[in-house]
Amino acid sequence: MSEDNASAEKRKIINRFLTQLTREEPQMYYASTAEISRSIYTLIKEHSNRLDVEEQALVRNMSVEEIQSILGFNLK
């Protein structure tokens, strides 16, 4: 998988967890990007066994900072 494809897939995974997070906790809409990133990081760690093997490999070493960076990029 190319780096561009990997980035796009990571973004899709993060957006999926962001959707889940805001559905389960609507108040997160008003939270900071850092707080949302930490929550998504936790969700990914808790639910990684539900992801495809390829998706698990993509998020295995993902940091809160990387999630925050991807979220910040998406918001611009």
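This is a predicted model: local features need pLDDT of at least 70, side-chain atom pairs count only at pLDDT 80 or more; totals for chains, interfaces and linings use all residues.
Let me begin with a term: a residue is called buried when its relative accessible area is under 20%, exposed when that area is over 50%, and partly exposed in between, with a 1.4 Å probe and protein chains only. Residues are numbered from 1 along each chain as its sequence is written, and side-chain values use heavy atoms, with hydrogens and water left out.

Helix α1 has 22 residues and reaches 31 Å from its first C-alpha to its last, close to the 32 Å expected at 1.5 Å a residue, where the expected span is 1.5 Å times one less than the number of residues. Its buried residues are Ala6, Lys10, Ile13, Ile14, Phe17, Gln20 and Leu21. They lie on the same side of α1, because they cover an arc of only 115 degrees around the axis, the arc being that of the directions from the helix axis to the C-beta atoms. On the face turned away from that buried side, α1 carries the exposed residues Asp4, Lys12 and Arg23.

Which elements, then, contribute to the core? A nonpolar core is a set of buried Ala, Val, Leu, Ile, Met, Phe, Trp, Tyr and Cys residues joined through side-chain atoms within 4.5 Å. The largest one has 18 residues, and those with the most contacts inside it are Ile14, Phe17, Ile36, Ile40, Ile44 and Ile67. Two or more residues each are given to this core by α1 (3-24), α2, α3 (53-59) and α4 (64-75), and the largest share, 5 residues, comes from α1. If we take contact to mean heavy atoms within 4.5 Å, Ile44 touches Phe17, Val59, Met62 and Ile67, not counting residues up to four places away in sequence. His47, which lies in helix α2 (residues 33-47), is in contact with Phe17 and Gln20 when its neighbours within four places in sequence are left aside, and His47 counts as buried because its relative accessibility is 14%.

Let me turn to the charged residues. A salt bridge here is a side-chain nitrogen of Lys or Arg within 4 Å of a carboxyl oxygen of Asp or Glu, and a search of the whole structure finds 3 of them. Glu9 pairs with Lys12, their closest N and O atoms being 3.3 Å apart, and these two are separated by about one helical turn because they are 3 residues apart in helix α1. Lys10 forms a salt bridge with Glu66, with the closest N and O atoms 2.8 Å apart; Lys10 lies in helix α1 and Glu66 in helix α4, so this pair ties together parts that are 56 residues apart in sequence. Glu55 forms a salt bridge with Arg16, with a closest N and O separation of 3.1 Å, and since Glu55 lies in helix α3 and Arg16 in helix α1, the pair ties together parts that are 39 residues apart in sequence. Glu55 counts as buried at 12% relative accessibility, whereas Arg16 is partly exposed at 41%.

How values were computed. Helices (H or I, at least four residues) and strands (E, at least two) are DSSP runs, numbered from the N terminus.
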